[in-house]
Amino acid sequence: MTSDRDTIFALSSGRPPAAIAVVRISGPRARMALEQLIGRVPQPRRASLARLRDPATGDVVDEGLALWFPAPNSETGEDMAELHVHGGRAIIAAVLAALAKLAGLRPAEAGEFTRRAFESGRMDLTAVEGLADLVAAETEAQRRQAYQHLKGLLGERAESWRQRLIEALALVEAGIDFSDEEDVPKDMMARSLELIRPLAEEIGKAGAGQGERLREGLRVAIAGPPNAGKSTLFNRLARREAAIVSPFPGTTRDVLELHLDLGGYPVTMLDTAGIRETNDPVEREGVQRASERAADADLVLWVLDAALWRDFPTHGGIPSAPSAATWLVVNKIDLVSEAERQRIESEFDKRGNVNLISSATGAGMDELVTAIARFADRFLHSRTRPSRARAPAGTPKGDRHRPAGCPAGRRRGA
């Protein structure tokens, strides 16, 4: 670490206005910056009340807390200071402007504090990735995974893999270099392979993409024929009027997205246009997009109008490759008689894939949301997509079989 390196500064807290703003300074001139702004250097790692002054004019900018972290015991491994001030836009702008006037200081580039922490050995690459994921985490599952990476869980595993590879390599080299020595065993290569095979399997499992799937979340497409109540279901999940609802077929033209936290897991719901033949070029484009998004989804909710259930499965469909899972959702159940409802349950229960709901009244919605959350738990923690043919015990009925005529998606990467 060179002493002539730039000293950097930046707002390290959230976007203003806020109650408190944290301005971080890192580099060889961080000490000088404190002396110029507050007239002293506080005791290391202890918050100290201070008045911040503009070094050019001497005017008081704000009153807040100052902290000093001398190298190497700081986040970046360099001399580092923090200024905790009031989070108004004018105050933050004045503090940053005062720092910019000091010789040798400049605004930090995006990610530069983390890069300096990596360069000084305070963080490894897995911890850097974990920090980025932790900042971007929106759900409890994402937070847990990111925190484990930040605290070195993956880094420790990688280090253990490295040590085992070195051991295996040493056995191979010994077998080659000392092959003519009588006291050296002749099965060194076999011993090496005994170490390598389970290691390769372990690394393969770790790289199966679970972390990436958890970052992206589960993608659920709401599809089906026009006027089945797809947009009403979408709005019920959003708990607001996110999609236009009307009794006229073809109202939904484009694909709408909704990001949800279900049971701590990230889920993206997609409201798609009704699947039907149409001469309207705009609606036809919407139908095409709906088919494509449903085909790329991890789970498809194929919505039917309860009054038209007898038309299923001849009532539309998406010709495509088999999807990971397609559930049948019979909507508007509040508009049919109890006898008709029992007939629907009896008919579809034979197939093992019915979810009876009313997106208008909310009937059956809690059960549907719970089922989606359980599916997300299995999907985001499995190496591969859940099988359609043999669902594990406890799988919601709608996940066990894909009924004929339902939309089908393709596997990612296929």
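Visitor: Where do Phe375 and Phe379 lie, and how many residues apart are they?
Guide: Both are in helix α12, four residues apart, which is about one turn of the helix. Helices are DSSP runs of H or I with at least four residues and strands are runs of E with at least two, numbered from the N terminus. This is a predicted model: local features need pLDDT of at least 70, side-chain atom pairs count only at pLDDT 80 or more, and totals for chains, interfaces and linings use all residues. Residues are numbered from 1 along each chain as its sequence is written, and side-chain values use heavy atoms, without hydrogens and water.

Visitor: What makes Trp327 and Phe375 an aromatic pair, and of which kind?
Guide: Rings of Phe, Tyr and Trp (its six-membered ring) pair if their centres lie within 6.5 Å; planes under 30 degrees apart count as stacked, over 60 as edge-to-face and the rest as tilted. The count by this rule is two aromatic pairs. For Trp327 and Phe375 the values are 5.7 Å centre to centre and 85° between the planes, an edge-to-face pair. This pair joins distant parts of the chain, with Trp327 in strand β11 and Phe375 in helix α12, 48 residues apart.

Visitor: Which kind of pair do Phe375 and Phe379 form, and why?
Guide: Their ring centres are 6.2 Å apart and their planes are at 15°, so the pair is stacked. Trp327, Phe375 and Phe379 make up one aromatic cluster.

Visitor: How do you know whether Phe375 is buried or exposed?
Guide: Buried means under 20% relative accessible area, exposed over 50%, and partly exposed in between (1.4 Å probe, protein chains only). Phe375 has 0% relative accessibility, so it counts as buried. Phe379, at 2%, is buried because its value also falls under the cut-off.

Visitor: What makes a set of residues a nonpolar core?
Guide: The members are buried Ala, Val, Leu, Ile, Met, Phe, Trp, Tyr and Cys residues, joined through side-chain atoms within 4.5 Å. The largest such core here has 31 residues, and Met269, Leu301, Trp327 and Ile372 have the most contacts inside it. Helix α12 gives the most to this core, nine residues.

Visitor: What makes Arg24 count as a charge over a ring?
Guide: The rule asks for NZ of Lys or CZ of Arg within 6 Å of the ring centre and within 35 degrees of the ring normal. Arg24 lies over the face of Phe113, at 5.9 Å from the ring centre.
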